[in-house]
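Subject: Structure handover

Hello,

Here is the structure for you to look at. Please open it alongside this email.

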Amino acid sequence: MTYVWGQTLGKMVCGIVVVPLEGRPRSFLFIVLRETVLWFTSSIIFMIGHIIVAFHPKKQALHDMLAKTVVVYRS
């Protein structure tokens, strides 16, 4: 779902979407990598990769920084 629409069901409910920072198109392999391996990496040690969001100026989690994506409100 993230590859086609840029959002999962939970993101649709919240009105947010995943977008690349450089404006490049989303590739299937890249989205699979972000949603599985990188998300798991963010969750390994006490979810610290997700807690980073509270302190990061662009509100990015660790997996967003590694994937060079950002989650924004859909307008």
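This is a predicted model: local features need pLDDT of at least 70, side-chain atom pairs count only at pLDDT 80 or more; totals for chains, interfaces and linings use all residues.

Residues are numbered from 1 along each chain as its sequence is written, and side-chain values use heavy atoms, with hydrogens and water left out.

Side chains of opposite charge can pair when their charged atoms come close. A salt bridge here is a side-chain nitrogen of Lys or Arg within 4 Å of a carboxyl oxygen of Asp or Glu. The count by this rule is two.

In one, Arg 34 pairs with Glu 35, with 2.5 Å between the closest N and O atoms. In the other, Arg 34 pairs with Asp 64 at 2.6 Å, N to O. This second pair links distant parts of the chain: Arg 34 is in helix H3 (residues 28–43) and Asp 64 in helix H5 (residues 62–67), 30 residues apart. Helices (H or I, at least four residues) and strands (E, at least two) are DSSP runs, numbered from the N terminus. Through shared partners, Arg 34, Glu 35 and Asp 64 form one network.

Buried means under 20% relative accessible area, exposed over 50%, and partly exposed in between (1.4 Å probe, protein chains only). Arg 34 is buried at 2%, whereas Glu 35 is partly exposed at 26%. Asp 64 is buried too.

Thr 69 lies in strand S2 (residues 69–73) and is buried, with a relative accessible area of 2%.

Regards
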